[in-house]
Amino acid sequence: LRVALLGATGAVGRTMLEILDARHFEIDELVPLASARSRGTRIRFRDRDWCVEEPTGQSFLGCDLALFSAGAARSRAWAPVAADAGAMVIDNSSAWRMDPDVPLVVPEVNASALLRPSRGIIANPNCATIQIVIALEALRRAGGLRSVIATTFQSVSGAGQSGIDALDSEAAGRIAADSPFVRTIAGNVVPWIGPRLESGWNEEEEKVRNETRRILDMPDLPVTATCVRVPVRVGHAAAVTARLEQALSRDSIEAAFRAMPGIAPGERDADPTPLDVAGTDDVRVGRVRIDPDDPRTVHFWVVADNLRKGAATNAVQIAERLRDG
Ligand SMILES: NC(=O)c1ccc[n+]([C@@H]2O[C@H](COP(=O)([O-])OP(=O)(O)OC[C@H]3O[C@@H](n4cnc5c(N)ncnc54)[C@H](OP(=O)(O)O)[C@@H]3O)[C@@H](O)[C@H]2O)c1
């Protein structure tokens with residue numbers, strides 16, 4: 001296959017190359033694309049150096065697959081070009097996620113949506129949403145879902161390489177001139193991710209709400225989130241409260257999580273942390289508690305590597321599903 005990778009030099013793009021290699025994804029020709037800043041950079045992939053170019057109308061000709069992780073503006077500009085050239089586009093940005101003609105897919109939850117990629121574009125969900133929605137699907141299958149409240153603890157790599165650089169600079173006592181964060185992140189906890197909306201919510205919180213509803217195909221499900229940036233390099237965590245249709249025992253809920261594809265089987269009373277999942281493709285769940293005042297409400301904790309299952313791995317799994325029919 002000829003595969004274009006837009007954003008090849010970024011945090012997700014580099015992880016994508018690792019995942020493609022580790023999963024032995026067949027690639028005859030790689031077309032790594034990035035900004036003018038990276039033009040001419042060489043990228044090592046499977047014993048060959050591939051030269052990074054800026055995207056042009058020619059870049060996608062003959063490509064079977066185009067994996068995008070270069071931000072929403074680039075996706076809006078180039079995804080239709082790549083799709084018109086015949087490539088199937090899998091996009092990690094937020095550009096197409098709410099387009100009704102673009103499937104928004106977590107393969108373990110709604111792979112059937114892949115049957116309808118009418119624009120030739122498939123959207124990969126927001127990184128915090130992917131891990132939460134896999135856990136929610138386990139609960140839906142076991143006891144039905146009534147409502148969801150999530151508080152996320154999101155690592156700096158969720159903001160890309162500049163987020164990692166900002167944490168490193170600040171931790172070393174320097175000022176991070178190009179920090180993507182609204183406040184100092186080293187030694188801090190920042191209750192703010194993405195642009196502020198007039199309502200007081202921020203864009204990340206809207207993404208968790210809207211994308212969760214769309215992936216679960218439950219457009220009226222009450223979902224709210226508070227999204228928080230924490231000084232962790234890799235791995236997002238979320239504390240989630242879900243109200244179910246029917247009361248379940250703690251044992252049945254833990255069994256439902258264990259039975260859910262995508263969730264790694266864990267110990268009873270597990271309390272997995274970002275460091276436990278960084279560098280793995282596991283979604284891990286722990287801290288399962290039944291609400292003392294409402295037997296139909298469950299509280300739990302979920303963690304995953306945002307660059308892998310939250311982005312690159314999910315995208316490559318989608319590509320594998322498409323390849324395998
Ligand atoms: N980080 C995560 O956990 C995560 C999870 C899910 C989705 N995403 C999404 O994935 C995308 C990339 O995120 P990231 O974390 O990898 O960010 P990043 O580390 O900042 O990387 C951005 C990539 O985009 C390229 N780029 C920037 N401007 C460009 C332009 N004008 N033309 C072509 N390429 C350009 C960069 O190239 P240069 O190196 O040349 O600047 C780089 O390869 C974003 O849309 C993000 O929302 C990220």
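Colleague: Leaving aside its neighbours within four places in sequence, which residues is valine 277 in contact with?

Modeller: This is a predicted model, and in it valine 277 is in contact with Asp282, Arg284, Val303, Ala304 and Asp305, once its neighbours within four places in sequence are left aside. Valine 277 lies in helix α8, which spans residues 274-277.

Colleague: Is valine 277 buried or exposed, and how do I read such a label?

Modeller: A residue is called buried when its relative accessible area is under 20% and exposed when that area is over 50%. Valine 277 has a relative accessibility of 0%, so it counts as buried. As for its place relative to another part of the chain, the C-alpha atoms of valine 277 and arginine 233 are separated by 12 Å, while the two residues are 44 residues apart along the chain.

Colleague: Stepping back to the whole protein, how many helices and strands are there?

Modeller: The protein has nine helices and twelve strands. Its radius of gyration is 20 Å, close to the 20 Å that the globule rule gives for 325 residues, so the protein is as compact as a globular protein of that length. Taken along the principal axes, the box filled by the C-alpha atoms is roughly 60 × 50 × 40 Å.

Colleague: What part of the contacts joins residues 24 or more positions apart, and what percentage of the residues is buried?

Modeller: Among contacts with a separation of 6 or more, 66% are between residues 24 or more positions apart, and buried residues make up 53% of the 325 residues. The accessible surface comes to about 14,200 Å², and carbon and sulfur atoms account for 48% of it.

Colleague: How far apart are the mean positions of the positive and negative charges?

Modeller: The protein has 38 positive and 43 negative charges, and their mean positions are 1 Å apart.

Colleague: Which residues touch the most other members of the largest nonpolar core?

Modeller: The general idea is that, in soluble globular proteins, nonpolar side chains tend to be buried together. Here the largest nonpolar core has 58 residues, of which Leu136, Leu145, Val240, Phe257 and Phe300 touch the most other members. Helix α4, residues 127-143, gives the most to this core, with nine residues. A second, separate core has 31 residues, among them Leu30, Ala113, Leu307 and Ile318.

Colleague: What does phenylalanine 257 touch, not counting residues up to four places away in sequence?

Modeller: With those residues not counted, phenylalanine 257 touches Ala135, Ala138, Leu139, Ile263, Val285, Val288 and Phe300.

Colleague: Where is alanine 128 placed, and what does alanine 128 touch?

Modeller: Alanine 128 is placed in helix α4 and is buried, with a relative accessible area of 3%. Not counting residues up to four places away in sequence, alanine 128 touches Thr152, Gln154, Glu204, Val208 and His236.

Colleague: Which loop holds aspartate 47, and what is its phi?

Modeller: Aspartate 47 is found in the loop between β3 (42-45) and β4 (48-51), and its phi is near 65°, a positive value in a residue other than glycine. With a relative accessible area of 69%, aspartate 47 is exposed.

Colleague: Where does aspartate 217 lie, and what is the value of its phi?

Modeller: Aspartate 217 lies in the loop between α6 (203-216) and β9 (223-229). Its phi is near 55°, which is again a positive value in a residue other than glycine, and aspartate 217 is exposed, with a relative accessible area of 64%.

Colleague: What does aspartate 269 touch, not counting residues up to four places away in sequence?

Modeller: Aspartate 269 touches Arg250 and Glu254 when those residues are not counted. Aspartate 269 lies in the loop between α7 (250-259) and α8, and at 53% relative accessibility it counts as exposed.

Notes: Residues are numbered from 1 along each chain as its sequence is written. This is a predicted model: local features need pLDDT of at least 70, side-chain atom pairs count only at pLDDT 80 or more; totals for chains, interfaces and linings use all residues. Side-chain values use heavy atoms; hydrogens and water are left out. Helices (H or I, at least four residues) and strands (E, at least two) are DSSP runs, numbered from the N terminus. The radius of gyration is taken over C-alpha atoms; the globule rule is 2.2 Å times the number of residues to the power 0.38. Buried means under 20% relative accessible area, exposed over 50%, partly exposed in between (1.4 Å probe, protein chains only). Contact means heavy atoms within 4.5 Å. Accessible areas come from the Shrake-Rupley method with a 1.4 Å probe; for residues, only the protein chains shown count as cover. Lys and Arg count as positive and Asp and Glu as negative; His and the chain ends are not counted. The place of a charge is taken as NZ of Lys, CZ of Arg, CG of Asp or CD of Glu. A nonpolar core is a set of buried Ala, Val, Leu, Ile, Met, Phe, Trp, Tyr and Cys residues joined through side-chain atoms within 4.5 Å.
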